[in-house]
Structures are given as structure tokens and as C-alpha cells.
Amino acid sequence: MDAWATTLTGGHANSNAPLQASWTAQLWTRAAELIRHTSTAWPEADARRFGEWLIAQYLPDIDRMGPCPGGNWHASGVEARMNMAIYTDRRDLYNSAVEDWSTRLPTYVYMPVDGASPLPRPICATPIETLWFGQTVMAAGLAEETCRDLEHTAYGLAAYLNAAETNRLQGGSLYQAQGERLVAAMEFHTDMLARPVVPAWLCKGKLVSDARHAGDRLRALRGPPAPGTPAHCGVAGWASSQPR
């Protein structure tokens, strides 16, 4: 990590840069927290330099993501910003990530309380039907990217769950605020993965899925297993978290 922090400049490039920056920052911070707080081998000055490097190299790319990419991008960006904020003790960045989690998760996972249609994304002018890949019939737990494919849906759900678990470790209450929505998403997708035939009303009767990868990522729900999840996930999953 010291080598990267003294070598890499310029962040990420090309159209996937905001997503790549999010994925990288999600993982770097977990490793850095573990080493920093469970060992005396890393000098504090170097640990602080690494945090400054994270903010300088990854946050600008994440911040230029824009309002309308695939919903899993926003989920990864929220988790990455939350992780970096904790590592660098940036309360402002942490509060912003928590606020975005609270705003964006309800636009990514549908619940009947939202009304007949999914909640709109803030600032994004793309039609709801386009964002939801043509799906117009709603059901509790259906996600924005379900009709794209289940792997990208699992990316999004896992990032939201990871961030909620990190928030719990920090004394927050994101789980309590949106627990029903999170459980509904897990139940809906594990149920559909287990069905031999997809209902005709859902994604024109066809789900695109790499069941192995989707199942791995759907293990991210922390706590007692929901009724529909054990058969696919094997055990009750645990979201990735910061050791603080």
C-alpha cells in the first residue's frame, strides 16, 4: 500500500473510471483498516499518507459519476465514500454517503409503499422504464437492474448491504430504516433464482443470471436467514465491514 500511495497518480481513466475507482476504494480501505488497527507494523504517518492518497486519487473519479449510470455504480460509490470517510475521519464525507444511501436505495429497490411506479432518481432525466430495463409491473423487492441481469443486481445489493453493515458498526441505523426493503430484495431474487420457470410478467419471462456469482453476492445480508435465502446461499451471509 505504501508503494501504491507513492506511485499511482491521475486516478482512473476511460468511461468506467468512476466504477473502477469505487470498486478499488471499497477494497483498499478494508485492507488498510485491518493493518492499521490490528498491527504496529505500519507507521501512523504512512497510514495517514495512504488515506490522503485514497481521497486524492479515487474520490474525484467517484464524484464525477453523474446521476444516471447503472444503479450498481451508485451503490458502489456510496460504499466507497463511506469507507474512505471512516478511514480518514472525514465526518462530512461520511454523512454525505449516509444521506446518499438513504436517498438512492429506495430508488433501486421497489416496495409497494412507493406507489404504482418506482421512486425517481434525483436529478436523472432518464425515463423510469428505461432505467428499469422495460419492466413496468412492480413487486416488492424488485430491483432497478433485475431485468438487466442478476449479477449486476447483486453488485448493487451487496454494496448497499456492505454500507449498511459499516454504518451499524459506527452506531448508525440504516438497517433499521430500510430493513424491510433490503429483506424484500433478498427474498424476491433468491425466490426467482430458485424457480425453474420465470413468471411471464417479469422481464418478459427471462432472467439473465450467473447463478453462482449472483448467489455469492446475495449472501451479503447480515443476521438471521430470511425464509427464502438459505437454499441458495448456504448460510446466512455477513456483509463486509470496517473493524472499528
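First, a word on angles: those under 35 degrees count as roughly parallel, over 145 as roughly antiparallel, 65 to 115 as roughly perpendicular and the rest as oblique. The axes behind such angles are lines fitted to C-alpha atoms, for helices over the stretch in contact, and the angles run from 0 to 180 degrees between N-to-C directions. Now look at helix 4 (residues 71–88) and helix 7 (residues 150–169), whose axes come within 8 Å and cross at roughly 25°. Helix 4 and helix 7 are therefore roughly parallel to each other. Their crossing is left-handed, meaning that the near helix is turned anticlockwise from the far one by less than a right angle (right-handed if clockwise). Among the residues making this contact are A75, V78 and M82 of helix 4 and Y155, A159 and A163 of helix 7; contact here means heavy atoms within 4.5 Å. By class, eight residues of the contact are nonpolar, 10 polar and one charged. In that scheme Ala, Val, Leu, Ile, Met, Phe, Trp, Tyr, Cys and Pro count as nonpolar, Asp, Glu, Lys and Arg as charged, and the others, Gly among them, as polar.

Before going on, some ground rules. This is a predicted model, where local features need pLDDT of at least 70 and side-chain atom pairs count only at pLDDT 80 or more, while totals for chains, interfaces and linings use all residues. Residues are numbered from 1 along each chain as its sequence is written, and side-chain values use heavy atoms, with hydrogens and water left out.

Stepping back, the protein has 10 helices and zero strands; both are DSSP runs numbered from the N terminus (helices H or I, at least four residues; strands E, at least two). Of its 244 residues, 50% count as buried, which is to say under 20% relative accessible area, with exposed being over 50% and partly exposed in between (1.4 Å probe, protein chains only). Among contacts between residues at least 6 apart in sequence, 70% join residues at least 24 apart.

How do helix 2 (residues 17–38) and helix 3 (residues 44–63) pack, and at what angle? The angle is about 165°, with the axes 9 Å apart, and helix 2 and helix 3 are therefore roughly antiparallel to each other. This crossing, too, is left-handed. Helix 2 brings residues including W28 and R36 to the contact, and helix 3 brings residues including W53 and Y58. The residues of this contact divide into 12 nonpolar, three polar and four charged.

On to the loops. Most residues other than glycine have a negative phi. I123 has a positive phi of about 70° although it is not a glycine, and I123 lies in the loop between helix 5 (91–108) and helix 6 (128–131). At 80% relative accessibility, I123 counts as exposed. C203, in the loop between helix 8 (174–194) and helix 9 (211–217), has a positive phi of about 55°, but C203 counts as buried at 10% relative accessibility.

Finally, confidence. The protein averages a pLDDT of 88, pLDDT being the predictor's confidence in each residue, from 0 to 100. Helix 5 has the highest mean among the elements (98) and helix 10 (residues 230–233) the lowest (36). Over residues 220–244 the pLDDT is below 50.
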